[in-house]
Amino acid sequence: MRRYDYWLCSIPGIGNRSIEKLLGRFGSAKDVYTAKDGELAELLKEGQLAEVRNSRRNWIPDKEYGKLKEKGIVFLTREDADYPDRLMMIPDAPYGIFYKGALPSNDILSVAIIGARDCSEYGSYVAGELGRFLGERGVQVISGMARGIDGISQEAALLAGGSTTGVLGCGVDICYPKQNQALYHKILERGCILSSYPPGTLPKAQNFPPRNRIVSGLADAVVVIEARNKSGTLITVDMALEQGKEVYVVPGRITDRLSDGCNGLLKQGAGILLSPEEFLAEIRELWEGNRLPVKIERRNQSVSGMENPKEKSVLLKLPEELQRIYELLDYMPKSVEEIWAKLADGTGISELNIKLMKLCLMDVAVQESNGYFGRKAI
Amino acid sequence: MFCTITSGALLGISAYLVGVEVDIDRGLPAFSMVGLLGSEVRESKERVCVALKNAGLDIPPMRITVNLSPADRKKEGTAFDLPIAVGILNALGKVREGAIKDTLFLGELGLNGEIKKVRGVLPIVREAVKNGIKQCVIPKSNVSEGAVIPGITVRGVENIRELIAFFQEEKDQDNILPRILLETDDIFQKTEEEKTGDFEEIRGQENAKRAALIAAAGFHNLLLAGPPGVGKSMIAKRIPGILPRLTLEESLEVTTVASVAGLLKEGEALITKRPFQAPHHTISQAALIGGNAIPKPGVISLAHRGVLFLDELPEFQRNILDCMRQPIEEHQVHIARNGGTVTYPAHFMLVAAMNPCPCGYYPDKNKCRCTEVQVRKYMAHVSGPILDRMDLCVELQNVDIGRLQEQGKKESSRAKMLPASSEQLRKQVVFARKIQEERFGETDYHFNAEISAADMERFCCLGKAEKAFMEMLYHKLELGARAYHRILKVARTIADLEGCMEIREEHLLEAACYRPAQDYWKGI
């Protein structure tokens with residue numbers, strides 16, 4: 001019975017790493033549930049502790065677990081045998097996952113197709129063709145069910161009779177984006193909707209980068225169809241490389257901004273997808289030769305909400321006066337007012353604005369809009 | 001018996017003199033008026049006849065003809081009642097010889113002989129001085145308006161009986177209708193700034209306050225974006241308070257517009273406070289730009305030399321806002337109507353406020369629940385050309401009540417953190433304005449915001465290093481030509497605020513910080 005694990009995975013503010021820590025200390029979710037506040041306090045921040053206490057008060061494990069079953073949602077933890085093998089192997093694998101439908105098989109080749117949401121006609125054509133091709137040949141298509149490339153390729157794979165897995169950045173009971181409602185139901189019939197977020201979680205922006213690591217984690221190879229520079233798709237690619245997955249890229253014209261990201265990846269040595277047949281043949285060979293994907297020699301860049309050694313080196317390179325400001329920045333844009341209040345060292349507002357602009361010019365920060373600044377993904 | 005009385009009429013904000021010719025002769029008793037008259041002018045004869053009768057004067061049964069010359073211009077308004085009455089008095093021999101020589105009359109008559117307020121006294125009196133008129137008799141309630149013009153004797157009259165007595169008296173004319181003299185300097189000194197709020201009352205929002213200061217110093221247009229209730233309107237309302245006080249010349253311009261619009265209060269001689277106009281977003285085109293058969297000044301002209309504040313910018317109708325494009329560029333508005341073409345001044349500082357998205361919290365993605373499509377759609381409401389003319393954009397963030405209180409505490413312990421008062425900010429603005437005055441000298445420019453692209457080299461020149469830096473900014477921030485110039489102008493103002501002759505890197509950086517971010521507005 002996983003009802004205590006379900007409880008543990010549903011506490012707001014307790015992320016995968018906190019779960020990891022708690023289990024490391026207490027052994028099982030049930031022990032965490034019964035642990036004393038004092039013991040928990042050693043591992044958790046104040047806010048998190050409050051959330052744990054709060055949820056312990058309002059959460060009746062049996063009842064909630066029953067509800068989950070009623071909704072037809074399956075909950076798995078890493079200790080379950082059904083937990084996907086591929087996912088088990090990635091760094092920072094989610095402790096608990098929720099899904100509806102049938103999980104992708106461990107023994108069938110699976111390919112993630114990712115790309116821009118506002119894709120071009122070219123992108124949507126390639127996505128459709130590739131999805132159909134893979135679907136016809138029984139290759140499992142993994143994607144994020146987003147607008148654009150994601151949805152188009154999954155739709156095509158289903159139409160061709162294949163199976164597909166949609167990994168969501170919200171609870172599996174929520175269809176996001178709304179316009180993919182029809183696709184959502186079709187996937188449920190012949191595929192899987194999967195998420196690491198408990199049912200009812202709304203699609204928040206910060207949910208998506210961790211979601212992306214599952215998309216690439218469930219696949220043996222990742223195909224990028226259209227991506228702008230600095231887009232979320234590239235974040236997924238970085239995670240895929242970190243996980244040691246094959247990355248294939250569909251080239252675009254150099255004048256197309258929507259292909260800048262793709263062409264950039266090609267320059268860095270990613271695999272080129274010129275025809276689906278060729279691509280499939282190459283991947284099949286790797287798959288049949290060795291079940292584990294082969295790592296490509298490549299830059300060790302990575303972006304995610306996870307610990308990022310790059311950030312440290314950026315910080316050290318900055319002039320001292322900018323370091324403190326950089327530390328106050330976050331990937332979620334903050335208002336100048338907020339940064340200024342936190343800084344509180346007598347720096348004038350105009351001085352702060354100037355320093356923030358300097359950080360932007362150094363490519364380590366971004367100005368989201370007038371008055372909002374954030375860290376730049378590296 | 002024939003005579004001509006001098007009066008005046010308005011055309012836009014300028015005035016012209018009108019000769020009121022009255023002839024009384026034998027013939028069938030009649031009262032006819034000619035000279036391209038509006039209906040209110042034609043009705044004048046009834047008012048004049050009854051007012052004279054009630055003042056104890058019998059109009060003999062003769063043929064009275066009145067002509068207003070130049071007869072080819074449409075006459076409007078009620079200010080001709082008094083000159084017509086004076087003309088009749090004169091033709092009847094009730095006026096001492098020479099009493100109306102070089103005298104201009106303006107005023108509306110009531111049936112009881114009372115003389116009422118009219119509009120446009122200031123420009124008409126000014127025009128009279130130019131034409132060598134020595135004396136003017138105007139309604140008492142308008143008297144201060146006329147009295148600020150030097151070089152002319154101004155008398156205020158309340159009743160037609162007073163005037164008759166005045167015409168008959170030889171020696172003690174001043175006793176009956178005293179000359180009114182107003183020293184403009186006195187008015188300026190005496191009027192104490194009406195307190196409409198001070199910048200120090202605004203907690204937090206330092207970033208927006210800084211932007212407001214820069215905007216005021218260079219007379220730049222300013223856009224405030226932010227969730228509801230963060231103090232956008234509060235800041236906008238306080239901007240006139242940090243602009244330099246009106247000069248006499250400016251004050252005359254502002255007063256003239258108000259006088260033409262008939263908005264001067266009784267007894268008000270000059271407007272000494274910077275105008276602040278905040279029209280509601282349902283405003284019609286005629287009300288905003290100016291209009292009518294004979295066009296009256298619109299809100300943009302009433303905001304001349306002051307602040308025009310458009311709250312909830314996306315709610316304004318696009319086509320109405322688009323009408324403001326030409327006035328914003330040219331600082332005046334030409335209105336062509338059937339009744340003639342007039343030009344009104346419209347040199348204002350445009351301050352606009354808006355929510356960034358329907359819920360108001362974008363780009364705070366923790367709170368904003370709007371989809372990208374919704375945000376874009378909302379942005380698309382705003383007229384692109386108007387956004388294009390905004391020099392500074394700044395976003396405000398919600399300050400929760402807890403932080404407001406906490407900040408209050410902190411501030412008391414740290415004196416230097418006290419928010420600057422309007423008076424302090426105004427000092428800085430005046431300082432920057434002085435530098436601009438010196439810089440522009442003989443040119444047509446007054447403020448940095450006006451510098452045209454052609455003169456950019458001359459007034460916003462950069463050093464070699466700064467030029468390279470600006471080029472880098474241009475590419476890095478993907479600026480367009482407009483944004484490029486905007487940054488230069490704003491940087492010029494920031495440098496002026498610091499009393500710095502050359503524009504430095506940090507000035508450019510700060511100016512760039514307030515530019516309209518392209519990505520943000522990409523929905524347009």
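Student: What is the relative accessible area of Glu312(B)?
Tutor: This is a predicted model, in which local features need pLDDT of at least 70, side-chain atom pairs count only at pLDDT 80 or more, and totals for chains, interfaces and linings use all residues. Residues are numbered from 1 along each chain as its sequence is written, chains are lettered from A and ligands numbered from 1 in the order in which they are written, and side-chain values use heavy atoms, with hydrogens and water left out. A residue is called buried under 20% relative accessible area, exposed over 50%, and partly exposed in between (1.4 Å probe, protein chains only). Glu312(B) is partly exposed, and its relative accessible area is 28%.

Student: Where in chain B does Glu312(B) lie?
Tutor: Although Glu312(B) is not a glycine, its phi is positive, at about 55°. Helices (H or I, at least four residues) and strands (E, at least two) are DSSP runs numbered from the N terminus. By that numbering, Glu312(B) sits in the loop between β14 (307–310) and α14 (318–322).

Student: What is the relative accessible area of Glu478(B)?
Tutor: Glu478(B), with a positive phi near 50°, belongs to the loop between α21 (464–476) and α22 (481–497) of chain B. Glu478(B) is exposed, with a relative accessible area of 60%.
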